[in-house]
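Dear colleague,

I am handing over the structure we spoke about, and it is placed directly below. Please look through it before reading the notes that come after.

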Amino acid sequence: MAEALAGSAALLAGLRVGQFTDLEALTGCTVVLVEEGWVGAADVRGAAPGTRETDLLLPENTVEKVNAVLLTGGSAFGLRAAEGVVRYLAERGRGFPTPGGVVPIVPGAVLYDLGRGRVNRPPGEEAGYRAALAAGEEVEEGSVGAGTGAVAGGVKGGLGLAGYLLEEGYRVMALVAVNSLGRPFDPKTGRLYGEELLAGEERALLPDRSRYQGSPEDYRYPFLLGQNTTLAVVATDAPLSKAQARRLAIMAQDGIARAIRPAHTPVDGDLVFALAQGDGKGVDPYALLRLGAYAADAVTRAILRAVLLTEGAPGIPAYRDLMA
C-alpha cells in the first residue's frame with residue numbers, strides 16, 4: 001500500500017510553492033518553482049482553456065525542462081502574472097540556455113474569477129513576482145493563491161494539495177485549483193464524489209450531513225456558466241521522460257472526473273501539468289502505471305481538500321456551510 005500524504009507533507013523535495021492572494025479582488029496566483037529545471041508536460045481536456053507555452057510541452061518539441069508553472073485567476077488577463085515569474089527566474093540566471101542568455105520556461109494556465117471581488121484587479125506581473133518571491137516548502141490550502149476566488153459547482157472552491165509515497169520509493173503529488181462548473185458533491189445526498197479516497201485524518205474534515213436535503217442531479221446549472229476551470233500540477237521524483245510525463249498528466253485527469261461531475265465540459269478549461277525530477281531517462285511501464293494511478297487519486301484528494309478547507313465568500317457558501 002502507498003502511504004497517503006497531505007498538505008505540505010506531500011510537497012516534493014526540490015519543489016517550492018509560492019502564492020499571491022488578493023482578498024479585495026478575490027483573485028490570486030500560485031507558482032510552482034523548480035528553478036533547476038524539471039521535465040514538463042501537459043494535458044488539456046476542457047474546451048475553454050486559457051494557457052501559456054503548453055505547445056512547448058508536447059513530447060515531440062525541443063525544450064524538455066521547465067523552471068516554473070503558473071496557475072492563476074484573472075482569466076486571460078491573469079497570464080500577465082507569468083511575466084513576473086520570468087523576471088524572478090531571469091534575475092537568478094535560471095532558464096533555457098541561448099546565445100543571448102537564459103530564457104526562463106514558465107508554462108501557465110488561467111481560471112475565471114472576474115467580478116467576484118469588490119474591485120476588478122486581475123493578477124499581473126507584480127503578483128507573479130511576489131508569488132515567486134514567497135515560494136517555500138509550506139503550502140497554505142483553501143481560499144488562497146489561484147483558489148482565492150474559485151467556485152466549485154455553486155460552493156466555494158479553492159486550492160488543495162495531496163500525494164502518495166509508493167512502495168518503490170517514488171513520490172507523486174497533486175496541487176489543484178478548483179473552479180469547476182460541475183459539482184464536487186452529490187446534490188441529493190451531499191456526499192462528496194471520491195470521498196472513499198480520503199485518508200483517515202482527512203475524513204475528520206467531513207461535516208455532519210444529517211440535516212442536508214437536496215434534489216437529484218439533473219445537470220442544469222443556473223450559476224456561473226462559462227466561468228469555470230480546474231487546474232492541476234502533478235509532480236513526481238521519478239525520472240520520467242517527457243513522453244512519460246505527458247502520460248502521467250493524461251492519467252491524472254481521471255482524478256478530476258472522479259471528484260467533479262461533470263468534468264471536461266464545453267465551458268471548463270480543465271488542464272493538468274506534469275513535472276518530473278531527474279535526468280528524463282524514464283522508468284519501466286509498470287512503475288509509470290502505478291505513478292499515474294496514484295496521481296489520479298492524489299488529484300481527487302486535492303480537490304476534496306480544497307473544498308473542505310476553504311471558507312465561504314460573499315454570496316458563495318462553503319461546502320461545510322451548505323451541509324449545515
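What follows is a description of the whole chain, and then of several residues and elements in turn.

This is a predicted model, in which local features need pLDDT of at least 70 and side-chain atom pairs count only at pLDDT 80 or more, while totals for chains, interfaces and linings use all residues. Residues are numbered from 1 along each chain as its sequence is written, and side-chain values use heavy atoms, with hydrogens and water left out.

Overall picture

The secondary structure comes to 6 helices and 12 strands, where helices (H or I, at least four residues) and strands (E, at least two) are DSSP runs numbered from the N terminus. Taken along the principal axes, the box filled by the C-alpha atoms is roughly 65 × 45 × 35 Å.

Of the 324 residues, 59% are buried, a term that stands for under 20% relative accessible area, with exposed being over 50% and partly exposed in between (1.4 Å probe, protein chains only). The accessible surface comes to about 12500 Å², and 50% of it belongs to carbon and sulfur atoms; the areas come from the Shrake-Rupley method with a 1.4 Å probe, and for residues only the protein chains shown count as cover. Among the contacts with a separation of 6 or more, 81% are between residues 24 or more positions apart, contact meaning heavy atoms within 4.5 Å.

The mean positions of the 31 positive and 38 negative charges are 3 Å apart. For this count Lys and Arg are positive and Asp and Glu negative, with His and the chain ends not counted, and the place of a charge is taken as NZ of Lys, CZ of Arg, CG of Asp or CD of Glu.

Glu 35 is found in strand β3 and counts as buried because its relative accessibility is 14%. Its side chain is joined to that of Arg 94 by a polar contact of 3.4 Å, which is a pair of N or O atoms within 3.5 Å; within protein, one must be able to donate a hydrogen and the other to accept it, and residues adjacent in sequence count only if both atoms are side-chain atoms. Leaving aside neighbours within four places in sequence, Glu 35 is in contact with Arg 16, Asn 67, Tyr 88, Leu 89, Arg 92 and Arg 94.

Leu 89, in helix α1, is buried because its relative accessible area is 0%. Not counting residues up to four places away in sequence, Leu 89 touches Leu 33, Glu 35, Asn 67, Ala 68, Arg 94, Pro 104 and Val 106.

In helix α2 (residues 125-133), the buried residues are Ala 127, Gly 128, Tyr 129, Ala 131 and Ala 132, and these pack against β2 (16-22), β3 (27-44) and α1 (81-91).

Residues in loops

Asp 237 sits in the loop between β11 (229-236) and α4 (242-259), and is partly exposed because its relative accessible area is 25%. The side chain of Asp 237 reaches the backbone nitrogen of Arg 171 at 2.7 Å; leaving out residues up to four places away in sequence, Asp 237 touches Leu 12, Gly 169, Tyr 170, Arg 171 and Gln 277.

His 264 has its place in the loop between α4 and β12, and phi of His 264 is near 55°, a positive value in a residue other than glycine. A positive phi also occurs at Glu 53, where the value is near 60°; Glu 53 lies in the loop between β4 (51-52) and β5 (65-72) and, at 29% relative accessibility, counts as partly exposed.
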